Amino acid sequence: MKYFYLFLGILWIVGCTPFIDSRREAGKIGNVGQSRPNRIAICYNGFFTEPEELQKIADEACAATNHKAVRSADAYFNCTLFWPSTAFFDCKAKN
């Protein structure tokens, strides 16, 4: 029974961490994930993640190219089992 609680604890920690979907296929140049150079896709769990956290992750990713992140779309049940939702951010030029 203690392993069950350990598993739930690990699941809780992992389920709280959104990530940028920039998966790559070994030996190939392009992404197989949903992110593109000017469009960031962040996989997250809607039960554990606040919109401000998603915006912060996108801002940091777009800042690498001196752009700002603007949320453009959402998709559901298209990422992974524990992070089923996706928030899309476009990297726009700073004005």
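Predicted model: local features only at pLDDT ≥ 70, side-chain atom pairs only at ≥ 80, totals over all residues.
## Chain overview

Contact here means heavy atoms within 4.5 Å. Residues are numbered from 1 along each chain as its sequence is written, and side-chain values use heavy atoms, with hydrogens and water left out.

The chain has two helices and four strands, and from the N terminus on they run α-β-β-α-β-β. Both kinds of element are DSSP runs numbered from the N terminus: helices are H or I with at least four residues, strands are E with at least two. Of the 95 residues, 27% count as buried. Buried means under 20% relative accessible area, exposed over 50%, and partly exposed in between (1.4 Å probe, protein chains only). The chain exposes about 6,600 Å², with carbon and sulfur atoms supplying 62% of that. Accessible areas come from the Shrake-Rupley method with a 1.4 Å probe, and for residues only the protein chains shown count as cover.

## The sheet and the helix across it

Four strands make an open sheet, ordered β1-β2-β4-β3, with antiparallel pairing. β1 (19-20) and β3 (67-76) sit at the edges with a single partner strand each, so one side of each has no neighbour in the sheet. Two strands pair if DSSP finds at least two bridges between them. For β3 and β4, which run antiparallel, there are nine bridges; for β2 and β4, also antiparallel, there are six.

Phe89 in β4 is a handy place to look: Arg71 stands opposite Phe89, and Ile40 stands opposite Phe89 too. Further along β4, Thr86 has Ala75 standing opposite. Then there's helix α2 (residues 51-63), which lies across β1, β2 (39-44), β3 and β4 and runs at about 130° to β3. For that angle, axes are lines fitted to C-alpha atoms (for helices, over the stretch in contact), and angles run from 0 to 180 degrees between N-to-C directions.

## Two disulfides

A search of the whole structure turns up two disulfides, a disulfide being a pair of cysteine sulfur atoms within 2.5 Å. Number the bonded cysteines in sequence order and the pairing is 1-3, 2-4.

Cys43 lies in strand β2 and Cys79 in the loop between β3 and β4, so the pair ties together parts that are 36 residues apart in sequence. Cys43 is buried at a relative accessible area of 0%, whereas Cys79 is partly exposed at 23%.

The other links Cys62 to Cys91, S to S 1.9 Å. Here Cys62 belongs to helix α2 and Cys91 to strand β4, so the pair ties together parts that are 29 residues apart in sequence. The torsion about the S-S bond of Cys62 and Cys91 is about -75°, so this disulfide is left-handed. Cys62 counts as buried at 0% relative accessibility, and Cys91 counts as buried at 9%.

Thr86 is part of strand β4 (residues 85-93) and, because its relative accessibility is 0%, counts as buried. Its side chain makes a polar contact of 2.8 Å with the side chain of Asn78. A polar contact is a pair of N or O atoms within 3.5 Å; within protein, one must be able to donate a hydrogen and the other to accept it, and residues adjacent in sequence count only if both atoms are side-chain atoms. Thr49, in the loop between β2 and α2, is buried as well, with 8% relative accessibility. The side chain of Thr49 reaches the backbone oxygen of Asn45 at 3.0 Å.

Asp90 is back in strand β4. Leaving aside neighbours within four places in sequence, Asp90 is in contact with Asn38, Arg39, Lys68, Ala69, Val70 and Ser72. As for Ala73, 17 residues away along the chain, the C-alpha atoms of Asp90 and Ala73 are separated by 9.1 Å.
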